[in-house]
2 protein chains.
Amino acid sequence: MPIYQSPVQDTLYLLNDVLGYPDHASLPGFADASPDVLEAILAEGAKLAENVMLPLNRVGDLEGCTRHDDGSVTTPKGFRAAYQQYREGGWMGLSTPAEYGGQGLPYTIHAAVGEYLSSTNMALMMYPGLTQGAIAAILVHGNEEQKQTFLPKMIDGAWTGTMNLTEPHCGTDLGLLRTRAVPNGDGTYRISGQKIFISAGDHDMSDNIIHLVLARIDGAPEGVKGISLFIVPKFRLDANGNPGAANGVSCGSLEEKMGIHGNATCVMNYDEAEGTLLGAENGGLKAMFVMMNEARLGVGLQGLSMSEIAYQNAVAYARERLQGRSLSGPKNPQGKADPIIVHPDIRRALMTMRAFNEAGRALVLWTALNSDIAHRSDDEKARQAADDMLGLMTPVIKGVLTDKGFEHAVMAQQVFGGHGYIEEHGMSQFVRDARIAMIYEGANGIQALDLVGRKLAQNGGRAVQAFFKEVGEFCEQNRADEKLAPFTKGIKKGLNDLQAATMWLMQNAMAKPDNAGAASTDYLHLFGLVALGYMWGRMVKASQEKLAEGAADAAFHENKIVIARYFMERVMPETSAHLARISTGADTMMALPAEAF
Amino acid sequence: MPIYQSPVQDTLYLLNDVLGYPDHASLPGFADASPDVLEAILAEGAKLAENVMLPLNRVGDLEGCTRHDDGSVTTPKGFRAAYQQYREGGWMGLSTPAEYGGQGLPYTIHAAVGEYLSSTNMALMMYPGLTQGAIAAILVHGNEEQKQTFLPKMIDGAWTGTMNLTEPHCGTDLGLLRTRAVPNGDGTYRISGQKIFISAGDHDMSDNIIHLVLARIDGAPEGVKGISLFIVPKFRLDANGNPGAANGVSCGSLEEKMGIHGNATCVMNYDEAEGTLLGAENGGLKAMFVMMNEARLGVGLQGLSMSEIAYQNAVAYARERLQGRSLSGPKNPQGKADPIIVHPDIRRALMTMRAFNEAGRALVLWTALNSDIAHRSDDEKARQAADDMLGLMTPVIKGVLTDKGFEHAVMAQQVFGGHGYIEEHGMSQFVRDARIAMIYEGANGIQALDLVGRKLAQNGGRAVQAFFKEVGEFCEQNRADEKLAPFTKGIKKGLNDLQAATMWLMQNAMAKPDNAGAASTDYLHLFGLVALGYMWGRMVKASQEKLAEGAADAAFHENKIVIARYFMERVMPETSAHLARISTGADTMMALPAEAF
């Protein structure tokens with residue numbers, strides 16, 4: 001069985017030493033999560049991940065979900081009980097408002113623990129994950145009655161939630177959707193249509209399932225301007241607000257997928273199901289984006305999670321597996337062979353994964369902190385700046401962390417050689433599970449377009465300029481420090497490439513939007529490299545300071561600096577290739593007629 | 001069901017117009033495969049692939065193989081009959097010597113058709129594929145009795161073959177192997193031990209299975225110097241050379257794998273199985289390399305095959321799926337949306353795959369031609385030069401084509417969005433099947449080490465110098481041609497990076513071999529880019545000539561030039577990043593103690 005140890009020490013280092021978590025004690029909820037409490041919560045989350053979630057991960061993969069003839073769905077053995085432990089631990093409401101039964105703690109902590117839980121059981125964690133997206137949407141767009149009706153039960157975990165967007169003929173292009181909503185005249189609607197790829201669409205974990213469903217009210221405008229969002233519970237609520245009669249919604253079938261077998265991916269059939277409007281009529285897209293943005297960060301976290309657990313298992317295997325001799329002389333002379341961790345090409349894989357994981361974790365936590373500031377600060381300027389950064393980093397985290405998370409799951413599998421291809425070692429599952437994160441909640445090509453097409457230009461480029469300024473100033477302020485200079489140099493080179501690419505887009509994409517599309521994926525990854533490089537810069541600075549202070553855990557900080565060097569030497573050079581590709585524009589790629597493919 | 005059309009036109013173009021196949025008519029077997037005959041054979045192979053292999057591909061994935069209580073194994077429904085068609089078509093012996101019942105045609109044709117067959121059913125094609133490796137080993141190392149006994153039946157396909165190398169504790173490091181061979185005193189041996197990951201180890205397709213087994217004769221030296229190769233038939237032969245009593249070998253279990261479910265991957269238990277020595281006592285490694293080299297080219301071809309069929313299906317989906325509008329205005333104004341092939345980021349994926357597939361096919365066929373020259377020419381110098389190039393390109397083809405083949409299967413799956421993650425569309429199977437090619441027959445890290453550690457230095461660097469000279473001269477001779485100059489410039493830049501990397505290795509890896517290991521994977525891919533870039537150079541030159549001659553199929557050639565341009569603009573820039581990484585050496589990557597991971 002795969003092993004896993006929650007990187008609590010690293011999370012604490014990032015929050016306390018690098019990202020200035022303690023400086024935000026005045027934000028609502030932060031005082032309740034002082035560094036001591038933070039540590040205790042992380043330790044509890046780690047236990048849940050390691051003792052409850054991990055042992056069920058392969059069970060979920062092997063057993064999958066089952067749809068019964070009556071349309072009901074059961075989850076793999078043990079999932080229900082594990083979810084109950086999650087629920088009883090109060091994890092669902094960790095960072096939701098106390099007003100509806102949550103604990104109101106920082107979202108940052110939710111994200112930190114979310115990494116451990118996703119690493120150990122991504123499929124299981126999708127059930128509460130989708131619920132959180134639904135909670136967020138109801139919090140922002142629900143009327144008070146809806147909030148009182150649904151939030152306490154969902155935050156308690158008694159009820160779970162889903163997002164119903166995709167239809168057979170439309171995923172990305174939601175303007176095409178056909179699910180209909182007909183007003184009943186009493187404020188409720190009858191929803192009819194078919195939704196596909198609905199994660200956690202039906203299951204046996206909760207007493208009710210609150211579906212958030214995009215549909216078109218009869219007579220609404222064409223396209224995305226005519227889409228509304230509805231709350232459609234699996235069981236209609238009785239007079240006391242308890243689940244009563246079945247609503248007109250059922251799971252028509254389960255999809256056979258490459259991975260995340262433990263999550264029920266449902267075709268959902270709506271047949272005059274009763275629902276209420278969430279948010280404004282025809283304002284569905286906006287309401288949906290609340291849960292979508294939340295979900296995108298969660299999916300980016302899944303990418304990191306898979307990369308981390310795959311890395312840990314590759315390390316364990318590389319330390320144990322004896323094969324061949326070190327090129328620089330035997331390292332295990334009394335044995336018949338050396339452990340494969342002595343081989344540089346194995347190191348290359350391990351270092352690549354680790355350099356990414358540690359910077360990826362920093363980027364997620366930095367962004368989560370920005371999310372807390374954006375939602376909780378009473379300083380409007382700080383709120384706006386944090387919200388800008390959150391919006392800018394959302395597609396980067398979703399796109400880059402999932403692309404790389406998958407790549408690293410594959411890399412870790414490769415360390416196992418033939419044993420990695422055999423299901424019993426669990427490495428194949430990480431690869432198969434990680435694969436979906438590149439696709440759902442907006443395929444990564446869509447994230448890239450969101451970045452170049454929306455986020456860059458928003459508010460006159462305010463967010464991106466702020467990011468460039470912050471990274472540029474970091475380099476400028478630290479380049480005189482000879483211990484930091486080798487790192488600021490690498491980051492600055494990356495930033496220069498990114499700024500050149502941005503300039504190229506400004507000059508070439510306005511008149512010819514295909515140039516933006518042609519650049520988008522490379523731009524996304526170029527942006528990701530600079531953001532991750534910047535995180536390494538901040539970690540090196542923090543660790544150098546700790547070392548200068550004579551920190552007890554000197555080795556921890558010295559190792560950080562080595563990994564940072566690896567990132568600069570082996571990962572950052574990619575920025576030039578991205579810039580070169582971006583600068584060639586769209587002409588060649590669009591030159592062939594569609595028939596010529 | 002996935003679609004597939006064999007790229008016969010492209011194969012013919014490469015052989016006839018680009019690689020000079022017709023110039024080799026004087027080689028044995030080539031006269032029998034004049035361009036007309038060649039075309040007819042390719043057409044037959046295409047039919048077999050499209051009509052017989054393709055419909056069984058998903059069947060094999062879903063059904064897998066079954067081991068019965070008596071240890072016997074049955075293949076998925078239809079596999080046996082399809083194999084019979086393959087056999088009756090004479091495909092097994094297409095390029096093996098007429099002396100033992102083969103047709104003696106060029107190996108180049110075998111490779112060309114092999115691509116189509118692997119694309120359409122990789123798992124099924126492994127049964128004959130492993131047989132061919134065994135045939136090659138017996139041809140080179142068998143004594144006349146062994147040849148007469150085994151080859152006609154194997155070339156006929158009545159008997160199949162396997163390679164038994166790996167044991168639970170050793171894969172790459174064969175020096176550790178423990179399977180024992182005890183002489184019976186009559187020239188036969190009793191073989192005992194356990195082998196794992198034995199593809200096609202047992203099945204119901206053939207009357208006998210000829211296992212080639214690496215084992216250690218009692219008293220043999222330690223390590224790889226004490227390994228011998230044995231022929232161990234599943235059924236011992238009776239006095240007439242027909243399968244008789246069962247030998248002491250059986251399939252202990254089947255592995256549950258990520259993909260290639262249609263192929264039986266067996267744990268094979270040898271319990272005093274009777275076998276005869278193939279080749280010299282303790283000369284097993286050398287004998288094994290004959291089949292290994294053959295197999296490595298075959299596995300590289302699998303990488304290309306998966307990339308090609310995945311590409312074709314991504315194209316079909318991208319043409320059909322309506323979603324969103326072109327950034328440059330509606331392309332399907334009467335429809336509700338445009339086909340996604342209008343989006344630059346989708347084009348990027350398609351062009352990347354295609355630019356690789358067409359150059360990869362050229363590289364395989366060029367190398368196959370070199371293999372034919374190396375084995376059939378009566379000009380010793382030509383033979384040596386071709387053999388040098390064959391040896392040099394073997395790890396490049398195996399490593400690069402399988403890494404990229406997998407990457408492209410993933411890329412094609414991404415074009416399908418959520419539908420790619422659902423098994424019914426077949427894209428997941430391509431990804432899962434393609435994954436193994438990076439691992440077996442020497443994991444790609446081993447290919448990289450073979451290139452930097454063995455092939456570069458062999459014969460004083462003769463092979464690599466010849467390659468540099470050939471590519472350099474191509475650039476030099478064509479740079480004055482303004483239609484070719486943009487391409488030779490890109491190739492030359494790549495070649496310069498590759499030569500700089502080679503120089504860096506010469507200066508830094510002798511004294512410190514870890515520098516070679518640290519560079520190896522990047523060097524492999526850098527080499528691959530230059531080799532593929534060179535193939536594009538040759539294709540552009542050929543197509544420019546065809547266009548100048550006023551060829552009827554002008555569009556075909558014009559498209560080639562567009563794809564070549566894409567390769568130069570978007571793929572070749574990667575060479576600089578590889579060089580930058582290589583030049584940083586091993587220090588950082590080896591800096592951490594193993595415990596620090």
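The model on display is predicted.

**Chain A as a whole**

Select chain A. Its secondary structure comes to 18 helices and 11 strands. Along the principal axes, the C-alpha atoms of chain A fill a box of roughly 75 × 60 × 60 Å. The radius of gyration of chain A is 24 Å, which agrees with the value near 25 Å that a compact globule of 597 residues would have. Colour chain A by burial: 65% of its 597 residues count as buried. Among the contacts in chain A with a separation of 6 or more, 73% join residues 24 or more positions apart.

**An annotated span**

Next, select residues 80-157 of chain A. An unreviewed UniProt entry lists this span as "domain: Acyl-CoA dehydrogenase/oxidase N-terminal". The span is 72% helix and 0% strand, and its end C-alpha atoms lie 12 Å apart.

**The two chains together**

Now display chain A and chain B. Chain A superposes on chain B by a rotation of 180° with 0.0 Å of shift along the axis, at an RMSD of 0.0 Å. This is the relation of a two-fold axis. To locate the axis, select A:Ala577, whose C-alpha is the nearest to it in chain A, at 3.3 Å. The same surface serves both copies, as 100% of the contact residues of chain A recur in chain B.

**Strand β3 of chain B**

Select residues 159-164 of chain B, which form strand β3. This strand is mostly covered, with 6 of its 6 residues buried. B:Trp159, B:Gly161 and B:Met163 point one way from the strand, while B:Thr160, B:Thr162 and B:Asn164 point the other way. One place to look is B:Trp159, whose bridge partner in β6(B) is B:Asn208.

**Cysteines**

Finally, select the cysteines. How many disulfides does a search of the whole structure find? Over all chains, the search finds 0. A:Cys266 is in no disulfide, and the nearest cysteine sulfur, that of A:Cys251, is 3.7 Å away. A:Cys266 counts as buried because its relative accessibility is 0%. In chain B, select B:Cys475, which also counts as buried, at 3% relative accessibility.

Terms used: Residues numbered from 1 in each chain as written. Chains lettered and ligands numbered in written order. Predicted model: local features only at pLDDT ≥ 70, side-chain atom pairs only at ≥ 80, totals over all residues. Heavy atoms only, no water. Buried < 20%, exposed > 50% of the residue type's maximum accessible area, 1.4 Å probe, protein only. Helix = DSSP H or I, 4+ residues; strand = E, 2+ residues; numbered from the N terminus. Pairing = 2+ DSSP bridges. Least-squares fit on C-alpha atoms with pLDDT ≥ 70 in both. Contact = heavy atoms within 4.5 Å. UniProt positions renumbered as here; feature names shortened; annotations may be inferred. Disulfide = S-S within 2.5 Å. Rg over C-alpha atoms; globule rule 2.2 N^0.38 Å.
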